[in-house]
Amino acid sequence: MLQQLPAVSPTLWNPSTKGLCLGIMEFRSPQLSTLSSENLRLKFGLQQLQKGVPQISKTFICAYQRPRQKQNVNKQESYPQNVDLPPILPKKKKKPYPIPFRLIQKAARRDKKLAEMGIEKPLEPPKNGLLVSDLIPVAYEVLDAWKVLIKGVTQLSHVIPVYSCSECSEVHVAHTGHCIQDCLGQTSAKRHSFHSWIKGSIDDVLVPVESYHLYDPFGRRIKHETRFDYDRIPAVVELCIQAGVDKPEYPSRRRTNPVRMIGKKVIDRGGYVEEPTPWRSGNPTAPIDFDTYRACERFSPPSLEYVPRIAQETIDAFEIVRSGVRKLMRKYTVKACGYCSEVHVGPWGHNVKLCGEFKHQWRDGKHGWQDATLEEVFPPKYVWHVRDPKGPPLKGALKKFYGKAPAVVEMCMQAGAEIPEKYKPMMRLDIMIPETDEAKLVA
């Protein structure tokens, strides 16, 4: 018969702050031989006591340590001391795939196997044409921050001078252009690779990346002959519209029935709806509040006392747009050409033959579509970081000591905004810039 151990009264109880408790327990156990005690397994709480067997009093010292409670400690993200910018990809080579090619092949083989068996391809929102309700507020937040970003950069451009090279894509934010010889323009040999500086604009800071607006992304593809029947708007705005933002000027179809596909073939588009033509889609004049077109004329120069506040709002809007676009691109498909800068928001790319980059003759001018990255949809446009905007221009002999930052961050920093921690390593603020004659002595 199984019996429980008698009640134990600890003779010593000393709880500590670390959760360690010590106690001495005393109980009686049957006296067994040495041979049988080797095979005895101690079970707390249950013992089989035999009558007539002499009992032996034993004392055990037991220790119990309480589990430590997790403390909510907000640890700051640690960033490296210096960070190099991503390398510039060669133009005579295709861009690398954001997703490993073996995973793309594996998914294609799986879809092909299901198509051969006549099984529909499992699709979830937004791959089946339905909206993701959790991302609708994110799309509205991105579009509002996009408008604030355009307004802020335009107002700061009246106060912070921006220069751009007339021969290449170099941009510099300072009172004078730098003297670094890295121009790659057509006439750079005559100027010994010095840049030809002219006054820049907002398009030099916010690189315009446009995309075709589609009423139905799952409808008919855009052909080369019908390319003028579709409007071109910023890719960030088109992504927000497809994610749930309603713009009367640019309507978009909102499905209630999902799209059905077998392999690459669409068997059900959720019903057919007449697609409105551009001249019947609302106001014929396109809205300019989310476009950089003639932004300098729409926004006047601000007062000097409001410049730091505008700079902080602008850099906050820049971070909201980047983080929001990243969240939307995790669900909604955005395609980019592997050879040029063309971007298309939708499940598959268009058939416009306007690619003129590496080996475009082999592709008959068609784009080589692949999954887009955040830098292709919303390019940061890195510029040299200037510690003293009114000081002497940067020298080419000391360029390895200079850092870089996105043009928006550099403008806002010079206007008085606080620099986010993640941009400080690439700006190399902790490096002392030596004199020109001392640069050779630095290891």
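Trainee: Leaving aside neighbours within four places in sequence, which residues is Phe 378 in contact with?
Mentor: This is a predicted model. In it, Phe 378 is in contact with Trp 146, Leu 149, Leu 206, Val 236, Phe 318, Val 321 and Arg 322.

Trainee: Which residues have the most contacts inside the largest nonpolar core?
Mentor: They are Trp 146, Leu 149, Val 325, Val 377 and Phe 378, in a core of 66 residues. Two of these, Trp 146 and Leu 149, are also among the contacts of Phe 378. A second, separate core has 8 residues, including Val 386, Leu 398, Phe 401 and Tyr 402. In soluble globular proteins, nonpolar side chains tend to be buried together.

Trainee: What is Ile 433 in contact with, leaving aside its neighbours within four places in sequence?
Mentor: Ile 433 is in contact with Arg 387, Leu 398, Phe 401 and Tyr 402. Leu 398, Phe 401 and Tyr 402 belong to the second core. Ile 433 itself is found in the segment after helix H10 (424–427).

Trainee: Why is Ile 433 called partly exposed?
Mentor: Its relative accessibility is 33%. Buried needs a value under 20% and exposed one over 50%, so Ile 433 counts as partly exposed.

Trainee: What makes Gln 370 count as buried?
Mentor: Gln 370 has 5% relative accessibility, and the cut-off for buried is under 20%, so the label holds. Gln 370 lies in strand S12 (residues 369–371). Not counting residues up to four places away in sequence, Gln 370 touches Lys 94, Lys 95, Pro 96, Tyr 97, Pro 98, Val 334, Lys 335, Ala 336 and Gly 338.

Trainee: How much of the chain is buried?
Mentor: Buried residues make up 38% of the 443 residues. The chain has 10 helices and 14 strands. Of the contacts with a separation of 6 or more, 72% come from residues 24 or more positions apart.

Trainee: Why is Pro 217 called buried?
Mentor: The relative accessible area of Pro 217 is 13%. That falls under the 20% limit, so Pro 217 is buried. Pro 217 is found in the loop between strand S6 (210–212) and strand S7 (232–234). Beyond four places in sequence, Pro 217 touches Gln 242, Pro 347 and Trp 348. The C-alpha atoms of Pro 217 and Gln 242 are separated by 8.2 Å, and the two are 25 residues apart along the chain.

Trainee: Which residues line the largest cavity?
Mentor: Pro 217 is one of them, and Trp 348 is another. The lining also includes Leu 214, Asp 216, Arg 220, Arg 221, Ile 222, His 344 and His 350. The residues of this lining divide into 4 nonpolar, 4 polar and 3 charged. The space in this cavity is about 70 Å³.

Trainee: How many cavities of 30 Å³ or more does the structure hold?
Mentor: There are 3. Among the residues that line it are His 172, Val 386, Asp 388 and Leu 394, and its lining divides into 6 nonpolar, 3 polar and 1 charged.

Trainee: What is the phi of Ser 193?
Mentor: Ser 193 has a positive phi of about 65 degrees, although it is not a glycine. Most residues other than glycine have a negative phi, and most peptide bonds are trans. Ser 193 is found in the loop between strand S4 (171–173) and strand S5 (197–199). Lys 381 also has a positive phi, near 60 degrees, and its place is in the loop between helix H8 (374–377) and strand S13 (382–384).

Trainee: Which residues are joined by a cis peptide bond?
Mentor: Pro 125 and Pro 126 are, with omega about 5 degrees. Pro 126 is in the loop between helix H2 (101–116) and helix H3 (136–157).

Trainee: How many disulfides does a search of the whole structure find?
Mentor: The search finds 0. Cys 240 is buried because its relative accessible area is 1%, whereas Cys 296 counts as partly exposed at 38% relative accessibility.

Notes:
Residues numbered from 1 in each chain as written. Predicted model: local features only at pLDDT ≥ 70, side-chain atom pairs only at ≥ 80, totals over all residues. Heavy atoms only, no water. Core = buried A, V, L, I, M, F, W, Y, C linked by side-chain atoms within 4.5 Å. Buried < 20%, exposed > 50% of the residue type's maximum accessible area, 1.4 Å probe, protein only. Contact = heavy atoms within 4.5 Å. 1 Å grid on protein atoms, 1.4 Å probe; cavity = no way out; pocket = protein on both sides within 12 Å on 5 of 7 lines; lining within 4 Å. Points joined across faces, edges and corners; volume = space filled by probe spheres on them. Nonpolar A, V, L, I, M, F, W, Y, C, P; charged D, E, K, R; others polar. Helix = DSSP H or I, 4+ residues; strand = E, 2+ residues; numbered from the N terminus. Disulfide = S-S within 2.5 Å.
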